[in-house]
Amino acid sequence: MFDTLLLLLGPLLGFRLLGALGVRRFADWRVAAGHGLAFMLVFTGAAHFVPGSVTVMPGHDDMVAMVPPFVPFPHLAVYATGVLELLGALGLVVGRTRLAAGVGLAVLFVLMLPANIYADLEDVSLNGDPATPLWFRIPEQVVFIAVALGAAGVGAKRAEPAPVGADAAERAAAGR
């Protein structure tokens, strides 16, 4: 039940520790969170493609069983969400795509919530284990959404531009 959350929090804290030890790339929580979420998404995204014969993690067939009946083409939907998770992971680690990736992943996490609800309500097993109970899964999904948006910088206060010195403002007003 805690596996996916640990796949996020362990690397996030590890990247932030590297930042505290002087690795400039991870000197801020936003970037460390983006890399931590990307780490988690590599595993969860890859699971969408794992055959049923692999028993160390849930695979494609487990995820297809989670897809609610109202979603057409469940196999395709699982492959598509896997690709989106992997692309989102890549987007989070590239600075210029982090905003789009974070917002896109937050939307994806919202859209995938019905599958998690369905899995719990229908007692769908994942690799032989019961689906994550809703009392844990919904707050966990909220954490994933918040981390994706935080890594993207959504809601972050932007630095105010430095005030222009009085003499520079006077020169600009005088046309010099």
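## How the helices pack

Helix 2 and helix 4 have axes that come within 8 Å of each other and cross at roughly 160°. Axes here are lines fitted to C-alpha atoms, for helices over the stretch in contact, with angles running from 0 to 180 degrees between N-to-C directions. Angles under 35 degrees count as roughly parallel, over 145 as roughly antiparallel, 65 to 115 as roughly perpendicular and the rest as oblique, so helix 2 and helix 4 are roughly antiparallel to each other. Their crossing is left-handed, meaning that the near helix is turned anticlockwise from the far one by less than a right angle (clockwise would be right-handed).

Before going on, a word on the source: this is a predicted model, where local features need pLDDT of at least 70 and side-chain atom pairs count only at pLDDT 80 or more, while totals for chains, interfaces and linings use all residues. Residues are numbered from 1 along each chain as its sequence is written, and side-chain values use heavy atoms, leaving out hydrogens and water.

As for the overall layout, the chain has seven helices and two strands, in the order α-α-α-α-α-β-β-α-α along the sequence. Helices (H or I, at least four residues) and strands (E, at least two) are DSSP runs, numbered from the N terminus.

Back to the helix 2 and helix 4 pair. On the helix 2 side, the residues that meet helix 4 include G34, L41 and G45; on the helix 4 side, G82, E85 and A89 are among them. Contact means heavy atoms within 4.5 Å. Helix 2 also packs on helix 1 (residues 3-20), at an angle of about 145° and with the axes 8 Å apart. That crossing is right-handed. Helix 1 brings residues including L7, P11 and F15 to the contact, and helix 2 brings W29, G36 and F43, among others.

Helix 4 itself (residues 74-93) has 20 residues and spans 29 Å from first C-alpha to last, close to the 28 Å expected; the expected span is 1.5 Å times one less than the number of residues. Its buried residues are V78, T81, G82, E85, G88, A89, G91 and L92. Their cover includes helix 2 (29-47), helix 3 (60-66), helix 5 (98-121) and helix 6 (134-152).

Buried means under 20% relative accessible area, exposed over 50%, and partly exposed in between (1.4 Å probe, protein chains only). Of the chain's 176 residues, 37% count as buried. Here are four residues side by side:

| Residue | Relative accessibility | Class |
|---|---|---|
| H60 | 6% | buried |
| N116 | 10% | buried |
| F49 | 36% | partly exposed |
| Y79 | 36% | partly exposed |

H60 sits in helix 3 and, not counting residues up to four places away in sequence, touches A47, H48, V50, H75, V78 and Y79. N116 belongs to helix 5; leaving aside neighbours within four places, N116 is in contact with M66, L134, R137 and Q141.

Now the aromatics: the structure holds six aromatic pairs. Rings of Phe, Tyr and Trp (its six-membered ring) pair if their centres lie within 6.5 Å, and planes under 30 degrees apart count as stacked, over 60 as edge-to-face and the rest as tilted. F49 and Y79 have ring centres 5.6 Å apart and planes at 25°, so they are stacked. This pair links distant parts of the chain, 30 residues apart: F49 is in the loop between helix 2 and helix 3, and Y79 is in helix 4. Elsewhere, F2, W135 and F136 form one aromatic cluster.
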